[in-house]
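These are my notes from going through the model by hand. I kept the entries in the order in which I looked things up.

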Amino acid sequence: MVIISHKKNTVNNLRHSKELLLLCSSMLLIACSSAPARTGTVTSVSGDNRAPTTATIKANSQVAKQLNLNDQQDFTDARRGLIASPKDLKIPSSKDASKNVWNMSAYDFIEGEAPATVNPSLWRQAQLNNIQGLFEVTPGIYQVRGFDLSNMTLIKGDSGWIIIDTMTSKETARYAYDFAMQHLAKRYPNTTNVSAILFTHSHVDHFGGVLGIVSQQDIERKKIPIIAPAGFIEEATSENIIAGNAMLRRAVYMYGKDLARDEFGHIDTGLGKSPAFGEVSITKPTVLIDRTPTKLNIDGVKFEFQYTPESEAPAELTFYLPEYKAFGGAELVSRNMHNLYTLRGAKVRDALKWSGYIEEARNIFGDADIYFGSHHWPMWGQDNIQKFLKQQRDTYKFIHDQTVRRMNKGMTPGEIAEDITLPTSLSQEFYNREYYGTVKHNARAVYQGYLGWYDGNPAHLDPLPDPQRATAYVDLAGGSNNVLLKAQKAFDEDNYRWAAELLNHLVSVEPKNIVARELLARSYDQLGYQAESGPWRDVYLTGALELRQGTSNTSVNLAATKDLLLQTPVSNFFDTLAVRLKSEDAANKDTKIVINFTDLNESHLLWIENSVLHHRLVDDSKPVEEKVNATLNLPHAMFVDLLVGETDFKGMLLSKESKVDGNPLGLIGFFRLFEKPNSSFGIVLPDE
């Protein structure tokens, strides 16, 4: 009885540890989050408060005059080869059938002329991305588009279907594949099996649905080849781990997850509608592509691969199908300007390498008469494809070269971003428009890649923290009323950027100032309505939403990540744990624990030294000789169950599969040194 009581006390004390144990909760996109609650609600908003101003109406009208929005070629191409399109496309969650992981019907309002609250160029892109269904690119190559943020491509092999990219979630991938087979089985009777899977790159919207199409058991039993670029599994499982919590919070803004799907809210990301919000999975590649060219015969289809690391993704490839004269461009090229820096936060991408890979593809796949990609719709005709590749190549190189030119003249990131504009020869092509990335934030990314955050001005070397600076500026202006007057004047003069800067200081100092919050929200509205970039629109309008309704309390559905976590190297989780350490509490601590994965025959020593968490693999060459406080023995799958909440420490401790050697209180003391990060930290409002 004493032992049982001791275990109960230990379990209660370890509940905090359960939440802290590695906390890889935010390693994936916002796709893993559920509906948000809100805190700090100030006021409701009527439609009139969000109305476009005369200046916004005029600005959007000017865009319509500058571009040939009546050009129908993209619409013709986007509809070409349509075999079937589902009506009222809604894909339910596998965990809760009352909820949808995908709802294309929510975008039915996107038709006709652009409303005054939407940049007409972005509206056009949103209309194009609304075109959904199963399409024949050419006999033998098919695409499912509009079932997720990304496309699924199906290539007919000798014995089955070669699948190129498997979308974001298991639910959308399964639905898309089944929909395709309903129609393709009529053309190719008795051929509905998967003969190979190819992941073009390491972003979750291109691999997350794989186990919705085929089980891991079938992959192993049938020896289905899984082809991917070198470094795929490492990049795919680690991209969002270390800084995942911050990325998740910022992704709420970038993808407009909390916004209504209407003319005042989210309409499109530029790449597609939105990420799907379902279960994600992954499987390890069996064939890695690590050089250009690499030639393979996959189920009777000849592939020629181009290896393009550190372009749009750290691990990426493109390919050519010589028998079809078809270039599969992955996301090396797409029908928009892409991101050299993504607003959710990530390492900047190398514009020069990216441009170079496009030129390489243009040359080695110069016979291509068909282009298709991981997003958007295909292109036909060798001349069209060559022009497209040249234009995309030069867009990224222009931004790179002209940023560096100005950088070497001593211009700051802000000055450069304001000064650079694409030449007309590039900017007038719809596939170079700023639907996703923008010249301004991409130029800043180039600067960051070379020189980092410091612009060389001593005043910016050690500036005051934002809250102190905001207080000083409000005081300098003569108080909040004066700031409001100046901001209102700026708003009335259509200078929404300056109004936003002034009001941002005031709201930082007086977060409960309803008038300031509403005027800042209205400023963000106008900036969002004018934005051609889907992410910029979503960022501005999400900021406005939070100013009016309070910060969202975005929770995380860890169970949706289980299949991915099972493939993630455990050392990644320990790296995540290290950045949760409360250094002030860890001073002078000398704590050591071992986590032993009984089914992997793998043990890891974790210890704290100089307020830093270290970890290393324990093996025969480096046995643990020092005294440890406790050893946690458990199977890897149970460890993942702990992470996703499908078991708890009580279940773990009482399980016959696990045990704690040594002092359980040592385990408690160790995990109490780590914090649970706030997944709903303030962005436009200070944390309460």
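**Loop between β20 and β21.** I began with Asn 610, which sits in the loop between β20 (602-609) and β21 (612-618). The model is a predicted one, and there the phi of Asn 610 comes out near 55°, a positive value in a residue other than glycine. Is Asn 610 buried or exposed? I find Asn 610 exposed, with a relative accessible area of 71%.

**Other positive phi values.** I then looked up Glu 310, in the loop between β13 (301-307) and β14 (317-321). Glu 310 is not a glycine, yet its phi is positive, about 60°. Its relative accessible area is 44%, and I noted Glu 310 as partly exposed. A further case is Asp 299, with a positive phi near 50°. Asp 299 belongs to the hairpin of β12 and β13, which has two residues between the strands.

β12 and β13 run antiparallel and are paired over five bridges. Opposite Thr 294 I find Phe 305 of β13. In the loop between β11 and β12 (294-298) I came to Pro 293. The peptide bond from Thr 292 to Pro 293 is cis, and its omega is near -10°.

**The open sheet.** I traced eight strands in an open sheet, and wrote down their order as β2-β5-β6-β7-β8-β9-β10-β11, with mixed pairing. Which strands stand at the edges? They are β2 (82-84) and β11 (287-289); each has a single partner strand, so one side of each lacks a neighbour in the sheet. From one strand to the next the twist averages 25°.

β7 (residues 152-156) and β8 (residues 161-164) are antiparallel, with four bridges between them. Leu 154 has Ile 163 of β8 as its bridge partner.

Helix α5 (residues 170-187) lies across β2, β5 (133-138), β6 (141-145), β7, β8 and β9 (194-198). It runs at about 30° to β7.

The largest nonpolar core has 53 residues. I listed those with the most contacts inside it: Val 144, Met 152, Leu 154, Ile 163 and Tyr 177.

I looked up the neighbours of Val 144, leaving out residues up to four places away in sequence. Val 144 touches Gly 133, Leu 134, Asn 151, Met 152, Leu 154, Met 167, Ala 176 and Ala 180.

**Strand β22.** I went on to β22 (residues 630-634). How many of its residues are buried? Five of the five are, so the strand is largely enclosed by the rest of the structure. Ala 630, Leu 632 and Leu 634 point one way from β22, while Thr 631 and Asn 633 point the other way.

I checked both pairings of β22 that I had on my list. Strand β19 (residues 592-597) runs parallel to β22 and is joined to it by five bridges. Strand β23 (residues 659-662) runs antiparallel to β22, with four bridges. Thr 631 turns up in both pairings: it is the bridge partner of Val 594, and it stands opposite Asp 661 in β23.

**Helix α25.** Asn 663 caps the N-terminal end of α25. I find a side-chain oxygen of Asn 663 at 2.9 Å from the backbone nitrogen of Leu 665. In α25 (residues 664-671) the buried residues are Gly 666, Leu 667, Ile 668, Phe 670 and Phe 671.

**Confidence.** Last, I looked at the pLDDT. The mean for the protein is 90, and 92% of its residues reach 70 or more. Residues 1-35 have pLDDT below 50, and this stretch has 100 contacts in the model beyond near neighbours in sequence. Residues 41-47 are also below 50, with 12 such contacts. Where pLDDT is low, predicted coordinates should not be read in detail.

Notes
Residues numbered from 1 in each chain as written. Predicted model: local features only at pLDDT ≥ 70, side-chain atom pairs only at ≥ 80, totals over all residues. Heavy atoms only, no water. Pairing = 2+ DSSP bridges. Axes fitted to C-alpha atoms, helices over the stretch in contact; angles between N-to-C directions. Contact = heavy atoms within 4.5 Å. Buried < 20%, exposed > 50% of the residue type's maximum accessible area, 1.4 Å probe, protein only. Polar contact = N/O pair within 3.5 Å; in protein donor to acceptor, adjacent residues only side chain to side chain. Core = buried A, V, L, I, M, F, W, Y, C linked by side-chain atoms within 4.5 Å. pLDDT = per-residue confidence, 0-100.
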